[in-house]
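Opening the notebook on this one. I'll jot down what I looked up, in the order I looked.

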Amino acid sequence: MADTGHDMIQFDFEALRSVGLTPAVLQCAAGADGGEAPLRLLRVTEVHRDAVRVHDGHDECAARVLPRLARAMEEGGEGLAAGDWVLAADDGFGQCWLHARVPPLTHLARRDEQGRAKAIVSNVDTALLVMGLDGDFNVRRAERFLALVHGSGVIAVVVLTKADLVPDAARDAGVDALRRRLPSQVGVIAVDATSPEAARRLAPWLASGQTLVMLGSSGAGKSTLTNTLLGTAARATGAVREHDGRGRHTTTSRSLVRLPGGACVIDTPGVRTLRPDVDEAGLAASFGDIDALAARCRYRDCAHADEPGCAVRAGVDPDRLRNYHKLRRDAQRDAMSALDRHRQVAQWKARSRSVRAWMKAKGRT
Ligand SMILES: Nc1nc2c(ncn2[C@@H]2O[C@H](COP(=O)(O)OP(=O)(O)OP(=O)(O)O)[C@@H](O)[C@H]2O)c(=O)[nH]1
Ligand SMILES: [Mg+2]
Ligand SMILES: [Zn+2]
């Protein structure tokens, strides 16, 4: 045990290294406001509705979020996620309570169907988009995934699975299609997720202390790949339906597991749509090629629809441009609904204030 010299934070660096502790995280933890000391530094491995699971480098146990912390996070629009570092204390009755959340170094969030931001994971170094080379293959999803990861400081890699199930030509065509459409720095690899060779291909992102997250649709092979990296069948995997090649949501919660080589992987349940949590500016930044070409359009306010002299339409893959337009409409809609929600909450608050005032005037409180 040691303390960081600031607050009284208890931690065992060597043990916590196995769940991804780095000096950078420790520095953030020292600045986190935990209230009354001493608190233990732990990593969140799973988040459920009423409880979370945390790891101290030796053991995993259930914990609950102090109402004060839950309220503060809700007011700040933040959500606790697998991969978060937290400061916790036992209450003497065997219950572990989370007192503070260490500000995450990286955080990924998506939007749900109502446009609300939903936390996915915190403190990951690399995000793998796992996508099958079968019916699951979808270039637009890869672009959405990149928009979701862009600007977060997380490295994005696309892992095409089921290479063993398709002809080599189909595998190469899949890789080429992505290489043409995605920025050149994005890694694209094709693997058989069931083969140990897949672990060797991913080795560059699996150094000790690294944390990865697996994202992608149900049935894509996220748990299969996690098991291959683990070298054991620790995660349940499911068969894919014959008629549409889709999975059956075998994995039901995000979960952080430790790999033998010292890296950590967060396996996640497949989501139907990976809607990025970005505003229009963030989206433009993640479609940097479109943004750059837009400067050369004849009209300043060119919408890249049917204006003459449009440099974007001339230089960008039409399907990529359509996807960009669609994501922009989504981002605008999300911004609107966030505003509406804000107004609605303000209305409710005003209403309950006036009800309280009325009750008081009537002498009922
Ligand atoms: N042959 C082969 N089968 C694979 C490959 N990847 C996944 N599968 C199979 O595809 C099915 C679904 O894989 P899972 O790992 O359960 O998929 P998942 O992404 O975890 O799905 P959810 O947990 O539902 O989100 C399983 O039957 C796997 O064996 C691959 O590269 N090659
Ligand atoms: Mg799974
Ligand atoms: Zn244009």
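Started with a helix pair: helix 4 and helix 5 cross in a right-handed way, meaning the near helix is turned clockwise from the far one by less than a right angle. Helices here are DSSP runs of H or I, at least four residues, numbered from the N terminus.

Noted before going on: this is a predicted model, where local features need pLDDT of at least 70 and side-chain atom pairs count only at pLDDT 80 or more, while totals for chains, interfaces and linings use all residues. Residues are numbered from 1 along each chain as its sequence is written, and chains are lettered from A and ligands numbered from 1 in the order written.

Back to the pair. I found that the axes of helix 4 and helix 5 (residues 168–181) come within 10 Å and cross at roughly 45 degrees. Axes are lines fitted to C-alpha atoms over the stretch in contact, with angles from 0 to 180 degrees between N-to-C directions.

Looked up who touches whom: Val139, Ala142 and Glu143 of helix 4 meet Ala177, Leu178 and Arg181 of helix 5 (contact: C-beta atoms, placed from the backbone, within 7 Å). I get 4 nonpolar, no polar and 2 charged residues there; Ala, Val, Leu, Ile, Met, Phe, Trp, Tyr, Cys and Pro count as nonpolar, Asp, Glu, Lys and Arg as charged, the others, Gly among them, as polar.

Next, domains. An automatic or database assignment gives domain 1 (9–101), domain 2 (107–267) and domain 3 (280–345).

Definitions and conventions
Helices (H or I, at least four residues) and strands (E, at least two) are DSSP runs, numbered from the N terminus. Two residues are in contact if their C-beta atoms, placed from the backbone, lie within 7 Å.
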